[in-house]
Structures are given as C-alpha cells and as structure tokens.
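Welcome to this guided tour! Keep your viewer open, get ready to select residues by number, and follow along one stop at a time.

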Amino acid sequence: MKSVHVETDVPYEVTIGRGLLHAAGEWLAKLTPSRVAALISDETVAALYGDSVTQNLTQAGFHVHRFTFPAGEQNKTLVTYGRMLDFLAACQCTRADTVVALGGGVTGDMAGFAAATYLRGVRVVQLPTTLLAMVDSSVGGKTGIDLAAGKNLAGAFHQPSGVLCDPDTLATLPTDVLADGMAEAIKYGVLCDASLFEMLAGGMPAMDAMESIIQRCVAIKAGVCAEDECDRGQRQLLNLGHTFGHAIERCSDYQMPHGHAVAIGMVYVTRIAQRLGLCPADCVARLQAALAANGLPVAAPYTAEALAQAALGDKKRAGGTLTLVLPKAIGACVLYPVQVTELQALASIALEQ
Ligand SMILES: NC(=O)c1ccc[n+]([C@@H]2O[C@H](COP(=O)([O-])OP(=O)(O)OC[C@H]3O[C@@H](n4cnc5c(N)ncnc54)[C@H](O)[C@@H]3O)[C@@H](O)[C@H]2O)c1
C-alpha cells in the first residue's frame, strides 16, 4: 500500500493499493463520524463494483443511499447534476454525511460538484476506477459539469476528504479507456519526471507496477496543486497537451476521447518547442514512440486553421493571450504565453512532419 499527502487548505491523503476497494468501509469510517453515505456511480461501474462497495460500507456501519446515472461524458450535464442534488435532498443527507464518488472522472467531477453545492458543501471522497481518475481527476479538487457551450464550464473547487485508489479495478477497463489514462501518466513524465517517462515508454506497464506509477503521478499533481490550489499560476503546467488536445476534441465533435486528444496535443506542442529551439531535436520522436507503444495516436486530420479556431474557445484564454505549455526536455516544461493571433502559425508548425 502506498500513499500521497496532498497539502491543500484542508489536507488529505490519497491511498493506493491493490484490493483496497474491499476495505472502503473501514477506510471511510476513519474519515468521518457520520454513518450515512451517498454512493454515486454510473451504471457500468455500479454493475461491476456497486454491490461490493455497498456491502463493505454497510458492514462498516454505514447506511448507504445509492444513485446511478447512465455512463458517459454526454451525461455530465445540468440534468444529471440536478437529479443528484434532488437525490441527496430526498435521502435527507445532512452536512455531516458523505458523498462517495465511485467511478471515472465523469462521476468524480459531477459527484464532487454536487457535494460542493448541496447544502453549500458536504464532504466528498473519491474512489476512482479509471486510470485517468486515479492519476488526475480525483486529486486537486476541480469538480464540475459540461454545458451546451462547452466542457467543464460550470464547477467549483472542492477538495475531497480522501481518495482511495484500487488498481485492481483497472482490470475491467476497456483498452482504449486505459490508454486514455496512460496519456495523462506520460504527461507527468514529460512535465517533470524523465524516469517516469522512461518507465512508461516501453508500453502498458504490468499491473504490479501500477501502484508505484499512480503514486508518482499523484505526487506530481499534489505538489503542483499544493502550490496553486485555485489554478492561477504553476497549475497551468498540468495543461501540457491540453490546449491543442481540447481543440482536437472540439474538432472531432467530442468523438475523440480526451486522453487520445491530449496525446496528440503533446506531440504538437513538442514539435513547436523543437522548432523554437527550446528542446532537443529527438523529443518529438521519443514522445511519439512512447505514445504509440501505449496504443495512443500521434496525429489528427484537422487543419491549422480549424485547430486555431477551436483553441479560441479554450476556457484558459485570458483576453488576447493563451498560455501554452512547452517542453524544454523530456522531464521539464515551461509556461509560454502566446497571442491568439499567433495561434494559427503555431498550429501550422505543430502539423509539420
Ligand atoms: N477534475 C479534474 O481535475 C479532471 C482532470 C482530468 C479529466 N477530468 C474529467 O474526467 C472525465 C474523463 O474521465 P474518465 O476517462 O475516467 O471517463 P468516465 O468516467 O466516463 O469513464 C470512462 C468509461 O469507463 C467506464 N468505467 C469506469 N471505471 C471502469 C472500470 N473499472 N471497469 C470498466 N469500466 C469502467 C465508465 O463507465 C465509462 O464508460 C472528463 O469529464 C474530464 O473532463 C477531470
């Protein structure tokens, strides 16, 4: 078993270990005196793990209320969020009780947002079941939902009281969903940990290695979030690959999964960095090889004009400026503000072969 301490305003632990989902009740009982839990998951995860987690929480003395919703990003909406709030009210959950988010990033973000806003804030714990949620979305306190105008446009910062990662749950993940998480793990390697990058460059790691990989990724995210809890400065580094990644997702009408788009977005910014002379000439080739070894794409069929146009909708844009994250090397990146008027030219460089 491994753990990472997250030193935000209200600190918490991320606990990582194979089989730990079977000890969720005991774990939660140590975090709260209340014995009421609202267990939220999508239908896929509920069918796989809902009963065993419920049984486990019940054995630890919890009264469990269950809420499920149809799986998928298309359900990360105001409507589902509204139903969640109504459910919490119907169960008469109080400020003392706990929302338990069991699932991937969609569940974690939406249940976290419901917890942030129901009664102006109740406790939430995260039990992530996708690699992306384990290494990224369950940590850092960003919660939210999508609006018709775009992804994650409504939300709140609400840190969990604890995160419990059981890598054994990754065994039931579809391969492309696992690959999405690998893209984010590789992102941390490129960002600040060359040895992590090397560990992942050979392809999908064995299950035995997952605990340490998740721990390293979470430690990196925790370190950045502790410095910049509300995303005003250095936390933007975590957006490596995301400006073009989000643009690619938008161009694909959200048919391309997030991690796949981020993988291509990382290749694009690395190519820009290489062309600007910021990073060594072999970085793009090393990154492409690592992504391909993990079943991830390295190119998308969209023009520079379409990418630049789509990137303008990025919620990170501040007036006429957008901050790219560019690698100086595999394992070190810098924030690089650009004018939106420069974007199309930079996108053209990104597409050069
Ligand atoms: N809050 C943050 O900081 C942050 C960071 C990154 C991404 N996100 C958000 O995370 C979301 C993406 O997360 P995701 O990729 O986990 O998506 P997801 O939650 O939709 O899960 C992907 C699919 O895998 C299924 N699934 C989950 N766990 C499973 C398991 N163990 N076995 C079998 N199937 C399983 C789900 O039912 C779903 O169909 C996006 O909405 C994104 O905006 C948030």
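Before we set off, here is how the elements get their names: helices are DSSP runs of H or I with at least four residues, strands are DSSP runs of E with at least two, and both are numbered from the N terminus. Bear in mind that you are looking at a predicted model.

**Stop 1: the sheet.** Colour the strands. Seven of them, in the order β1-β2-β9-β6-β5-β3-β4, make up an open sheet with mixed pairing. Which strands sit at the edges? Select residues 2-6 for β1 and 63-69 for β4: each of these two pairs on one side only. On average, neighbouring strands of the sheet are turned by 15° against each other, direction ignored.

Now zoom in on β6 (residues 123-128) and β9 (residues 162-165), two parallel strands joined by 2 bridges. Pick Gln126, and you will find its bridge partner in β9, Val163.

**Stop 2: helix α4.** Select residues 105-117. This helix lies across β3, β5 and β6, and runs at about 170° to β5. From first C-alpha to last, the 13 residues of α4 reach 18 Å, close to the 18 Å expected at 1.5 Å a residue. Is α4 mostly covered or mostly open? It is mostly covered, with 12 of its 13 residues buried; among them are Val106, Met110 and Phe113. Step just past the end of α4 to Leu119, which takes a positive phi of about 50°.

**Stop 3: helix α8.** Next, select residues 207-227. Helix α8 lies across β1, β2 and β9, at about 5° to β1.

**Stop 4: Arg18.** Look in the loop between β2 and α1 for Arg18. Why does Arg18 count as partly exposed? Because it has 17 C-beta neighbours inside 10 Å, and a residue needs 20 or more to be buried, or 12 or fewer to be exposed. Leaving aside residues up to four places away in sequence, Arg18 touches Asp166, Pro167, Asp168 and Glu211. For a distance check, select Gly104 too: it is 86 residues from Arg18 along the chain, and their C-alpha atoms are separated by 17 Å.

**Stop 5: helix α12.** Finish at residues 304-311, where Leu307, Ala308, Ala310 and Ala311 are buried. Turn the view to look down the axis of α12: its buried residues fall within an arc of 165°, so they line one face of the helix. What do they pack against? Show α9 (242-251), β10 (321-329) and α13 (343-351) to see their partners.

Technical notes:
Residues are numbered from 1 along each chain as its sequence is written. This is a predicted model: local features need pLDDT of at least 70, side-chain atom pairs count only at pLDDT 80 or more; totals for chains, interfaces and linings use all residues. The arc is that of the directions from the helix axis to the C-beta atoms. Two residues are in contact if their C-beta atoms, placed from the backbone, lie within 7 Å. Two strands pair if DSSP finds at least two bridges between them. Axes are lines fitted to C-alpha atoms, for helices over the stretch in contact, and angles run from 0 to 180 degrees between N-to-C directions. The expected span of a helix is 1.5 Å times one less than its number of residues.
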